[in-house]
Amino acid sequence: GGPTTECSTTGQSNWPFRGSKCSIYEGGTRGTAFLHWQGLPRRGVTFTGLAHAADWLPIIVSAVGSRLWPNETLSLDGLDLWDALLSNGTSPRKSVYYGISQKHDGPAVRDEQGYKLILSSSGGGQGQWSPQQLPHVASSCDTNATYDKLSLLEGQPPLFRDSTAGDVLLYHLPTDDGERHALDVGKHEAIVARLRALAVQYEATKVPQLTGDPACPAFAPLASKEGRWIGPWCDGV
């Protein structure tokens with residue numbers, strides 16, 4: 001998601017998802033990706049299985065016909081989805097851990113059924129929705145009256161609040177990808193308990209990156225004819 005209301009707002013629209021970059025709502029965390037090259041074994045397939053950015057390393061290694069050898073890397077969070085992508089089959093990934101927002105809301109987890117639990121009363125930031133955007137249209141379109149009526153322009157006060165109170169928020173993303181209607185946690189106690197336990201597992205095994213690679217020099221922007229820019233500064237070390 002782009003920074004719509006937090007994290008250096010630059011005019012993005014995360015419609016129909018809720019929230020901005022630096023939140024743990026879908027608007028701040030969900031992304032799209034594609035694979036394309038001349039020798040791609042299968043084309044024109046839309047894969048809707050669960051995936052995480054950490055999965056790209058093992059996917060690409062398999063895609064080029066190689067493998068990760070024992071002790072070649074540290075323990076990876078990523079899973080190899082290459083076979084599932086080729087067959088458009090079931091993803092081996094069964095859950096995703098979202099971590100916390102910039103303001104330390106959360107953490108959040110979701111399962112393969114699409115239930116998402118945020119372990120706080122907010123997913124971070126203003127929790128707003130972008131207006132619907134289409135190519136070459138600069139304002140909210142009238143092609144979806146339901147979303148447009150609930151959508152918010154940046155800087156306006158929120159028009160919609162989660163209907164459930166308490167220390168957690170539960171959503172079912174396949175039927176509510178915009179996170180507009182939190183489920184009644186009292187009616188979904190088993191799901192909440194299962195996702196809480198999953199969050200505890202992730203929290204118990206997470207490893208914070210306290211420092212960068214000590215072999216890398218201190219970061220500094222690079223100089224070029226076009227001016228200073230941010231690029232790889234640890235190559236060749």
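Two strands count as paired here if DSSP finds at least two bridges between them.

Visitor: Over how many bridges do β1 and β2 pair?
Guide: Keep in mind that this is a predicted model. Pairing takes at least two bridges, and β1 joins β2 (residues 108-111) in the antiparallel sense. As for the bridges between β1 and β2, they number four.

Visitor: Which strands stand at the edges of the sheet?
Guide: The open sheet has four strands in the order β1-β2-β3-β4, with antiparallel pairing. An edge strand has a single partner, so one of its sides is left without a neighbour in the sheet. That puts two strands at the edges: β1 (95-99) and β4.

Visitor: At about what angle does α5 run to β2?
Guide: Helix α5 lies across β1, β2, β3 (115-118) and β4. Its direction relative to β2 comes out at about 120 degrees.

Visitor: Is E179 buried or exposed?
Guide: E179 sits in the loop between β4 (169-172) and α5 (189-205). Its side chain reaches the backbone nitrogen of E26 at 2.7 Å. Buried means under 20% relative accessible area. E179 has 0% relative accessibility, so this residue counts as buried.

Visitor: And how far is Q12 from G1 in space, C-alpha to C-alpha?
Guide: Q12 lies in the segment before α1 (26-29) and is partly exposed, at a relative accessible area of 35%. Q12 and G1 are 11 residues apart in sequence. In space, C-alpha to C-alpha, the distance between Q12 and G1 is 8.4 Å.

Notes:
Residues numbered from 1 in each chain as written. Predicted model: local features only at pLDDT ≥ 70, side-chain atom pairs only at ≥ 80, totals over all residues. Heavy atoms only, no water. Buried < 20%, exposed > 50% of the residue type's maximum accessible area, 1.4 Å probe, protein only. Polar contact = N/O pair within 3.5 Å; in protein donor to acceptor, adjacent residues only side chain to side chain. Contact = heavy atoms within 4.5 Å. Axes fitted to C-alpha atoms, helices over the stretch in contact; angles between N-to-C directions.
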